[in-house]
Amino acid sequence: MENSNKTLKHTMARFLVLLLILLTAPQARAQDTLTAIAHQNGAPAALSFNELQSVLLGEKQRWSNGTKVVIALIKTNNTLGATICKVVFEMKPDELNKHWLALVFQGKASAPYFFNSVAELEDFISQNPGSIGITNKAVSTPNVRTVTIDRKDTI
């Protein structure tokens, strides 16, 4: 009887841990949802993921309408910035920083603007035609729109 109670308690504990993992997993995934945003003027309304990467890596200097590309990113030393590095750039934060240092040092591109918060990033994009960035929430700033990536609103 004692072994039966121990087994039941052990099974219940395992079940509760599994239930906790299952209940928190969707929240973790929802926080990693990323959205490309841009100023109303300049950037196209839709891009492929490869085009987005190319733009954000400094390989494309002008939009098809001639507007200069202005890159706005969250600083890589915070959680959102690190997530963007992993998902969008497929790099670690220090690798992305080295990539940009090399491009700027060689005179191949203008450095991105880096921000501490999504609010700062959105504010910058709203004031700079041709600017593009990545965020983790719906757009709420005038002059800023979501850029569809591979026909989806999220990356």
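Reader: Over how many bridges do S2 and strand S6 pair?
Author: Happy to start there, and do keep in mind that this is a predicted model. Strand S6 covers residues 144-149, and S2 pairs with S6 in the parallel sense. The number of bridges between S2 and S6 is two.

Reader: Which strands stand at the edges of the sheet?
Author: Six strands form an open sheet with mixed pairing, in the order S2-S6-S1-S5-S3-S4. An edge strand here has a single partner strand, so one side of it is left without a neighbour in the sheet. That describes strand S2 (46-47) and strand S4 (113-115).

Reader: Which residue caps the N-terminal end of H3?
Author: Helix H3 spans residues 79-89, and its buried residues include Leu80, Ile84 and Phe89. Those buried residues pack against H2, S3, helix H4, helix H5 and S5. At the N-terminal end, a side-chain oxygen lies 3.1 Å from the backbone nitrogen of Leu80, and the residue it belongs to is Asn78.

Reader: Is the pair of Tyr113 and Phe124 stacked or tilted?
Author: The ring centres of Tyr113 and Phe124 are 4.6 Å apart, with the planes at 35°. Planes under 30 degrees apart would count as stacked and over 60 as edge-to-face.

Reader: Is Phe124 buried or exposed?
Author: Phe124 also forms a tilted pair with Phe115, 5.1 Å centre to centre. Buried means under 20% relative accessible area. Phe124 has a value of 14%, so Phe124 is buried.

Technical notes. Residues numbered from 1 in each chain as written. Predicted model: local features only at pLDDT ≥ 70, side-chain atom pairs only at ≥ 80, totals over all residues. Heavy atoms only, no water. Pairing = 2+ DSSP bridges. Helix = DSSP H or I, 4+ residues; strand = E, 2+ residues; numbered from the N terminus. Buried < 20%, exposed > 50% of the residue type's maximum accessible area, 1.4 Å probe, protein only. Contact = heavy atoms within 4.5 Å. Polar contact = N/O pair within 3.5 Å; in protein donor to acceptor, adjacent residues only side chain to side chain. Phe/Tyr/Trp six-rings, centres within 6.5 Å; stacked < 30°, edge-to-face > 60°.
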